[in-house]
Structures are given as structure tokens and as C-alpha cells.
Amino acid sequence: MAVYDTLGATYARTRRPDPRIAARISAAIGDAADVLNVGAGTGSYEPPQTVLAVEPSRVMIGQRPPGSAPAVQAVAEHLPLRDDATDAVMALLTVHHWADLAAGIGELRRVARRRVVVLTWDQHVFRERFWLVRDYLPEAAAFDDSRAVPTDRLIDLLGGGRQEAVHVPHDCVDGFGAAYWRRPHAYLDPHVRAGISMLAQTGDAALAPGLTRLADDVRTGRWHTRYAELLTLASLDVGYRLIVADQ
Ligand SMILES: C[S@@+](CC[C@H](N)C(=O)[O-])C[C@H]1O[C@@H](n2cnc3c(N)ncnc32)[C@H](O)[C@@H]1O
């Protein structure tokens, strides 16, 4: 059974594509005539020219909206496609879940005729700039240390490429890890935490002391005083990175 058969049960509820991030992904994909989405989940950010989605979890495939590209149940490490199958291959917020990163990236390169696009995060920046993991939930940061993929390593495996910072809007629609950087109360909602693997996999027992402190600080206004400068910002660079590699 795929991990996301459990983890992804309510994914479509809190993880909808954010239009501003979608525009960045679409620009990175460029003029590709056909696109393969690997680790596709429920289909967020798939451009119209997506011809196939690859996803190991049936539960995630089951939440793909009607009319989305066909999905095949498979893993990145063994893509059921011929060499040079599509112009572009994209893998969004997924590489940290793969059992064999090098094999998976090798497969993306084998299948992409022209371009590979990966959305991931830089754990050093994330740890330093994201108040939730830095000041409240060090257990979640430690969990991410064990699985985050250094962007340099990814670029190496991709045979070179450029990275672009993806700033997170203050009202980000897609409820990923740092989406609620200006909405601290959101992290107190178990439905929100269920859609964030860093928190769901660390587990509520380990997070309880930090969450209690956060609840207290939000209730008393301490959070708003302490992070007042954040409330003036429209978007924040917390480490999300788009990696674009031409093949
Ligand atoms: C956080 S979700 C991201 C889904 C989607 N790309 C998005 O941006 O909403 C991570 C996805 O990676 C998938 N995944 C996990 N291991 C994988 C593997 N070895 N190969 C391909 N996908 C995998 C999970 O099943 C899950 O759907």
C-alpha cells in the first residue's frame, strides 16, 4: 500500500492549486507540446497539455477531478514509458517521498525529450525563515531533515539546471507546509495538519507541546506581537524552489 493511501485521504480538501504558483509552473514548462506529471497526486498544477499522470496511490488517483489527464498507478523509479516520451516531465512536491531519488531522477531524464521541472524546497532556508518549525515545532524540522533533498544534489542528478525561488503568497490556496505563514491559527486545525506530510508524519503526540504553545500565543496576541513584521508582507521566501533542467 502506498503511503499516500493513508496520508492523502483528505488531500483534495486542503491542497488545491494556487493560481500564482500555477503561473510560475506553467512558465517553467514553457511551450512543451506534451507533459508527463510524476508524483501527480490529485492533479494540482497540471497544464492543459498534460498527457499522463504517474501516481502510486489509488486514494490520490481517486481524488483527481473529472476530465483530468489519465493516470497510471506507478512510481517514479520505474516509469512505464518509452525513452523521450514527452517534451516535458514535471515532479511537484514529491521527490522527498521517493524510495530511490537517483533512480527516479534518472527516469525523469530518460522520458523527457526537452525539459524536467521539479518543485521542492531548500531545507536550510526553510529551517531559518519559517517560524513554525524554527520556534515551535523543531520535531517537524528534524523529520524534514531526514528526507529533504538538497537542491544542489537534485541539480547534479539532473545534469545541471537553474533554480528559481517561489515565494509563498500570504493567502496561498494550496495548504502545503509553509502556506499559512501569515495565518498561524491554521496550524491548530487537524484538517490542515492532515494535508501537510511534514506534520502528519511527525505525528500529533510529538507536536503537542509546540502546538499548545502556539495556541496560547495566538490566543494571547503574543504571536502577532512577536512576528508583527510578517503581517506587513504579501509574500515570503521560505525556501520553495523550482528547478528547471533542459535535457
Ligand atoms: C505532496 S504530494 C504532491 C502531489 C502533487 N504533485 C501536488 O503538487 O499536489 C506527493 C505525492 O508523491 C507521491 N509519491 C510518493 N512516492 C512516490 C514515488 N516513489 N514515485 C512517484 N510518486 C510518489 C505520493 O503518493 C503523493 O501523491
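Helix 3 gives way to Gly 30, a residue with a positive phi, near 65 degrees. That is a handy place to start in this predicted model, whose protein chain has 13 helices and nine strands. The radius of gyration is 18 Å, close to the 18 Å that the globule rule gives for 247 residues, so the chain is as compact as a globular protein of that length.

**Overall build**
- Taken along the principal axes, the box filled by the C-alpha atoms of the protein chain is roughly 60 × 35 × 30 Å.
- Buried residues make up 43% of the 247 in the protein chain.
- Among contacts with a separation of 6 or more, 69% link residues 24 or more positions apart.

**The nonpolar core**
- The largest nonpolar core has 70 residues, and those touching the most other members are Val 38, Val 89, Ala 91, Leu 108 and Val 117.
- Strand 5 (residues 112-121) gives the most to this core, with six residues.
- Which residues does Val 117 touch, not counting those up to four places away in sequence? They are Ile 25, Ala 28, Ile 29, Ala 88, Met 90, Leu 242 and Val 244.

**Helix 3 (residues 19-29)**
- Ile 21, Ile 25, Ala 28 and Ile 29 are the buried residues here.
- Seen down the axis of helix 3, these buried residues fall within an arc of 100 degrees, so they line one face of the helix.
- Pro 19, Ala 23 and Ala 27, on the other side of helix 3, are exposed.
- Strand 1 (35-38), strand 4 (86-92), strand 5 and strand 9 (240-246) are what the buried residues of helix 3 pack against.

**Helix 8 (residues 138-145)**
- Ala 140, Phe 143 and Asp 144 are buried in helix 8.
- Their directions span an arc of 95 degrees when seen down the axis of helix 8, so these buried residues line one face of the helix.
- What covers the buried residues of helix 8? The cover includes helix 6 (123-129), helix 7 (131-136), helix 11 (197-202) and helix 12 (204-220).

**The ligand shell**
- The ligand is surrounded by 24 residues, of which Tyr 4, Gly 39, Gly 41, Ala 76 and His 97 are the closest.
- How do the residues of the shell divide into nonpolar, polar and charged? There are 13 nonpolar, eight polar and three charged residues around the ligand.

Technical notes: Residues numbered from 1 in each chain as written. Predicted model: local features only at pLDDT ≥ 70, side-chain atom pairs only at ≥ 80, totals over all residues. Near = placed C-beta within 6 Å. Nonpolar A, V, L, I, M, F, W, Y, C, P; charged D, E, K, R; others polar. Buried ≥ 20, exposed ≤ 12 C-beta atoms within 10 Å, placed from the backbone. Helix = DSSP H or I, 4+ residues; strand = E, 2+ residues; numbered from the N terminus. Arc of directions from axis to C-beta. Contact = placed C-beta atoms within 7 Å. Rg over C-alpha atoms; globule rule 2.2 N^0.38 Å. Core = buried A, V, L, I, M, F, W, Y, C linked by C-beta atoms within 7 Å.
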